[in-house]
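Dear colleague,

Please find below the sequence and structure that I am handing over to you. My findings follow directly after them.

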Amino acid sequence: MAATTQTMRGVTRTRRRPFPRGTTLGGRTRTPRAGTYADTVRSPTGEREQPRFEDLVPRAIDGDHAAWESIVARLQRVVWHAIAGFDLSAADRQDAFAATFFRLSERLATVQQPQKLPGWVATTARNEVLTLLRARRRLTPTDPADMALPASPATSDDSLLDDELHRAVHRGFAALPPRCQELLRLATLDPPLSYAEIGELLDMPHGSIGPTRQRCLDQLRSSPDLRPFTED
Amino acid sequence: MTRRLDDTDLLDLLRRVLDRTDPVPAAAVDAAGAADWAAVDAELAELAFDSLLDERPVALRDDDGDVRSLTFTAGDRTVEIDVTADELVGRIDPAGDLPIEVVQPSGRRQARLDDLGRFRAPVGPGPVRLHLFLPGRPTTTPWITR
């Protein structure tokens with residue numbers, strides 16, 4: 001099954017292997033939808049203007065190392081938090097993180113919709129984790145969902161938090177069900193993932209992401225840890 | 001003192017908390033930042049077989065579970081690679097006087113093919129890839145993660 005794709009430099013490249021499910025960078029619609037975050041240069045959380053993937057990708061393909069580093073900087077939290085909910089050692093999580101960017105650098109020339117990069121790297125990162133876990137266990141999994149364990153390696157130590165409110169958020173978050181933790185992590189990302197992308201990652205219907213996100217936030221807000229900080 | 005924590009406040013707080021308690025390690029960012037070199041202009045060899053993905057479940061396999069075998073195609077050449085914990089052994093067919101390089105994020109190592117197209121190189125932990133200096137057509141395998 002050969003698919004010919006047009007690269008950013010206009011060179012035709014043939015690839016026979018399709019990306020894994022949900023990781024297509026070049027879809028049928030070539031025009032970015034109006035109103036996606038990619039159309040705004042202002043980050044929802046920051047004041048500074050952020051470079052756009054549409055500008056960074058062609059520069060990185062042309063060998064501009066600073067552009068590549070900007071791409072890594074903008075996507076690092078997406079990749080890191082997309083692989084938080086697995087039973088991985090710290091070293092394995094770092095390997096999967098780096099491997100995701102290796103994959104991206106290999107595929108950069110075939111990126112047709114740069115605004116979809118956050119979703120693509122998140123999916124790729126989780127596939128890298130599954131490959132690592134398979135290598136560790138030397139088993140053929142029957143269902144990838146079986147390999148995701150409710151481990152949350154990063155929610156034990158709050159000694160770094162000097163703010164009482166931050167400590168309370170940390171404790172409340174750690175007490176949430178694993179599913180809520182995963183979803184809320186993904187909801188904190190910037191550039192943001194769409195509900196469709198989050199649904200794809202968590203294997204949930206994307207219509208349920210909004211309501212579930214709301215329920216998880218309400219649960220966090222009403223947790224005993226946070227009660228002292230919220231109005232009745 | 002209490003205040004109203006709306007959804008935006010709460011997610012913003014959570015973002016800050018996660019950045020303090022679960023930051024992206026600087027070493028991982030450095031490795032990712034070095035990922036772009038040399039990959040851009042090289043042709044990507046095509047994965048044809050991966051024992052990790054294509055083989056039968058472990059119970060049906062021979063007692064060689066520590067070796068991952070991969071096959072790539074690059075032009076009209078076939079590249080077979082066996083990866084163990086500390087070594088990469090392979091064969092390129094058809095053979096020929098072809099310089100190759102074993103690449104890891106920590107560095108690269110030249111290797112030579114013997115008359116039969118075989119090669120062998122020590123590798124450290126972490127991902128590895130093979131550069132093939134095919135005449136006029138530098139080619140690389142994808143990163144092999146281990």
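In this predicted model, the largest nonpolar core holds 81 residues, and those touching the most other members are A:Val79, A:Ile83, A:Phe97, A:Val121, A:Ala125 and B:Ala32. For A:Phe97, the contacts beyond its neighbours within four places in sequence are A:Val79, A:Trp80, A:Ile83 and A:Ala125, together with B:Ala28 and B:Ala32 from chain B. In soluble globular proteins, nonpolar side chains tend to be buried together.

As regards chain A as a whole, its secondary structure consists of two strands and eight helices, arranged along the sequence as β-β-α-α-α-α-α-α-α-α. Of its 232 residues, 37% are buried. Where contacts in chain A link residues at least 6 apart in sequence, 67% of them join residues at least 24 apart.

Helix H5 of chain A, residues 164-174, has A:Ala168, A:Val169, A:His170, A:Gly172 and A:Phe173 buried. Their cover includes helices H6 (178-187) and H8 (209-221) of chain A, as well as helix H1 (7-21) of chain B.

H2(A) contributes A:Glu69, A:Val72 and A:Gln76 to the contact, while H2(B) contributes B:Val29, B:Ala32 and B:Gly33.

With kind regards

Definitions and conventions: Residues numbered from 1 in each chain as written. Chains lettered and ligands numbered in written order. Predicted model: local features only at pLDDT ≥ 70, side-chain atom pairs only at ≥ 80, totals over all residues. Core = buried A, V, L, I, M, F, W, Y, C linked by C-beta atoms within 7 Å. Buried ≥ 20, exposed ≤ 12 C-beta atoms within 10 Å, placed from the backbone. Contact = placed C-beta atoms within 7 Å. Helix = DSSP H or I, 4+ residues; strand = E, 2+ residues; numbered from the N terminus.
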